Amino acid sequence: MRAIVWAAAASLALIVVYLALGGASYAPARVADPCSPRDWRNPQGLQQTAEQIVLSALDGAACKLHVSREEMVLAFGSRDALRAFARKHHVSTQKLDELVRSGLMRSIDDAEQAGALNPTIGDLMRGFVRRFPVAELVDLLQQLPGF
Amino acid sequence: MVLALSVGVVLADSSVVTIALPDILARYHVEISTLAWVLTAFNLALALSALPAAFLARRRPAHVFGLGILVFVAASLVCGFAGSFGVLVAGRAVQGVAGAAVVCAALDLLSQLTETDARAARIWTLAGIVGAALGPAVGGILTQLLGWESIFFVQAPVVLFALVALRGARVVPVPEPAERPHVGANVALLLISGGLVAALFLLVILLINGWRLDPLPAGLAVTIMPVAAIAAARFGKTIEPLWARATSGVILIAGGLAALGWLPHAGAAWTFPPQLAIGAGLGLALSALTERALAGRSAQAVHGGWTIAARHAGVVVGLLLLTPIFTTDLHHSERDVLASGTAAVLDSRIPPLDKIAVARHIAVAVDEAKQEARIPDVSEVVGTHKGSAYADLVSKLQDQLDRAVTQAFSRAFLAAALLSLAALVPILLRRREVSV
């Protein structure tokens with residue numbers, strides 16, 4: 001009988017220690033809710049500002065589609081991925097195009113209002129966003145160094 | 001000693017190829033679900049053949065043992081030289097059938113050589129425990145040093161050497177089995193063996209495929225289990241009654257498996273305390289239950305056959321129950337790590353254009369890793385860049401990957417703990433019979 005008590009105590013102690021050290025929560029980090037506001041990081045330089053605008057736009061589009069920003073980023077990895085994403089979420093590529101474009105326009109406005117973007121650069125960006133279809137943007141990304 | 005060695009080598013075959021599975025996958029390019037047949041074929045054949053082999057061994061133990069050894073050696077060579085996956089699986093199945101003959105006949109021969117059933121049963125049981133627990137470690141060492149085929153080439157002469165045990169062995173008629181098999185002990189053995197699949201198979205896969213350990217260190221890391229099993233089987237034999245020893249063992253196995261299901265960090269060292277508990281539990285429970293299944297029963301080989309059939313049927317049940325849980329969770333983990341990895345890249349301090357490239361590389365690497373059943377190398381995914389921003393990103397990505405991989409195994413370990421714990425039901429229900 002004493003052996004059973006020792007075995008139970010040892011097993012219980014092992015489990016309690018592992019749980020106390022975070023065993024039940026050792027899992028990949030949950031991605032942030034795209035509908036919650038993110039901190040504006042005071043970007044330095046045009047490249048970082050553009051990055052924040054794009055991420056903010058993706059947050060907006062992801063929030064409307066009830067997906068994560070990360071899933072949207074991966075969808076823009078290739079035309080095939082974009083089509084698969086559109087199929088999975090029952091949204092046409094045109095609708096996706098519109099969502100991202102309107103998100104970008106809004107983000108450029110926000111950046112201008114926050115003083116992070118010069119109005120002239122802002123106008124240039126708006127012009128670019130209005131004319132460039134999202135699918136072609138994907139093709140452009142494929143040609144960047146590192147792809 | 002030589003007979004015990006042959007029993008140990010045959011039963012080690014149940015788990016000895018686990019560490020070699022990634023190399024076998026690379027060699028034959030089969031689906032992961034198909035790959036499991038390398039393990040299932042052996043255990044299923046052994047479970048199905050144990051009883052018929054035991055009945056045959058009862059009449060002519062020396063002949064059955066000798067024939068079993070020769071066929072086992074031939075099947076091992078076929079496995080080592082297998083030109084296709086089908087031939088390998090067929091070889092493994094023949095190994096299982098021949099192994100059943102060797103193990104069951106060895107028990108009868110041991111009884112005749114030691115002249116006491118109880119001592120023969122103890123030697124036979126200990127050899128089986130050591131063999132089963134040592135399998136992954138030996139397989140890992142051989143795979144790294146000489147290649148996976150060497151597992152089969154090395155065991156062939158070792159088993160062949162056991163034929164010297166037949167010199168001078170007298171063939172004595174064995175009486176008909178006087179009693180029915182001990183249902184409680186055999187059902188408990190089946191359930192425990194089902195749970196141990198997680199410790200003997202999944203843990204090895206986690207170390208090598210999940211945490212990217214080489215087969216040699218992984219093999220060494222899992223030697224804790226057999227060492228603890230041998231110590232517990234040796235020093236735990238004073239624990240009486242047998243049902244109390246078996247119960248203590250089951251509680252330790254379940255506790256160790258549950259701790260593996262709740263690992264607080266990735267890393268082989270975190271598996272050592274649970275392995276210690278599982279090994280000790282294995283030594284206590286398997287020795288107590290096998291002793292009880294054999295104690296006082298005539299025709300040792302037949303009752304030994306029942307325990308072997310129960311144990312290896314348990315392994316097959318464990319593989320069938322735990323593999324779908326593990327593969328489903330692995331699929332979910334791929335999705336989670338893709339999302340958390342992309343988030344880590346987007347929130348990192350590397351240049352924006354590099355982020356796009358790295359995020360895309362992650363997607364490609366995860367996809368390739370899925371096809372090739374391996375974990376992507378984070379440094380390769382990020383590429384060779386200097387600077388603390390890249391070092392931080394590599395560290396964050398590695399952390400997310402470790403978390404995802406470890407989590408993928410969690411539910412399978414917890415399910416295995418429950419399966420082992422279920423063995424308490426037959427033990428406690430039949431405890432009056434188990435008390436000797």
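Predicted model: local features only at pLDDT ≥ 70, side-chain atom pairs only at ≥ 80, totals over all residues.
**Helix H1 of chain B**
- The buried positions of H1(B) are Leu3(B), Ala4(B), Ser6(B), Val7(B), Gly8(B), Val9(B), Val10(B), Leu11(B) and Ala12(B).

**Chain B as a whole**
- Chain B contains 19 helices and zero strands, and its radius of gyration of 23 Å is close to the 22 Å that the globule rule gives for 436 residues, so the chain is as compact as a globular protein of that length.
- Taken along the principal axes, the box filled by the C-alpha atoms of chain B is roughly 80 × 45 × 30 Å.
- Of the 436 residues in chain B, 60% are buried.
- When contacts in chain B between residues at least 6 apart in sequence are considered, 84% of them join residues at least 24 apart.

**The contact between chains A and B**
- Across the two chains, 35 residues of chain A are in contact with 40 residues of chain B.
- On the side of chain A that touches chain B, helix H1 (2–20), helix H2 (45–65) and helix H3 (69–75) of chain A each supply at least two residues, and H1(A) gives the most, with eleven residues.
- By class, the residues on this side of chain A comprise 24 nonpolar, eight polar and three charged.

**A helix pair in chain A**
- Helix H5 (residues 93–113) and helix H6 (residues 119–131) of chain A have axes that come within 10 Å and cross at roughly 180°; because angles over 145 degrees count as roughly antiparallel, H5(A) is roughly antiparallel to H6(A).
- From H5(A), the contact is made by Arg101(A), Leu104(A), Met105(A), Ile108(A) and Glu112(A), and from H6(A) by Pro119(A), Gly122(A), Met125(A), Arg126(A) and Val129(A).
- The contact of H5(A) with H6(A) has six nonpolar, one polar and three charged residues.

Conventions: Residues numbered from 1 in each chain as written. Chains lettered and ligands numbered in written order. Buried ≥ 20, exposed ≤ 12 C-beta atoms within 10 Å, placed from the backbone. Helix = DSSP H or I, 4+ residues; strand = E, 2+ residues; numbered from the N terminus. Contact = placed C-beta atoms within 7 Å. Nonpolar A, V, L, I, M, F, W, Y, C, P; charged D, E, K, R; others polar. Rg over C-alpha atoms; globule rule 2.2 N^0.38 Å. Axes fitted to C-alpha atoms, helices over the stretch in contact; angles between N-to-C directions. Parallel < 35°, antiparallel > 145°, perpendicular 65-115°, else oblique.
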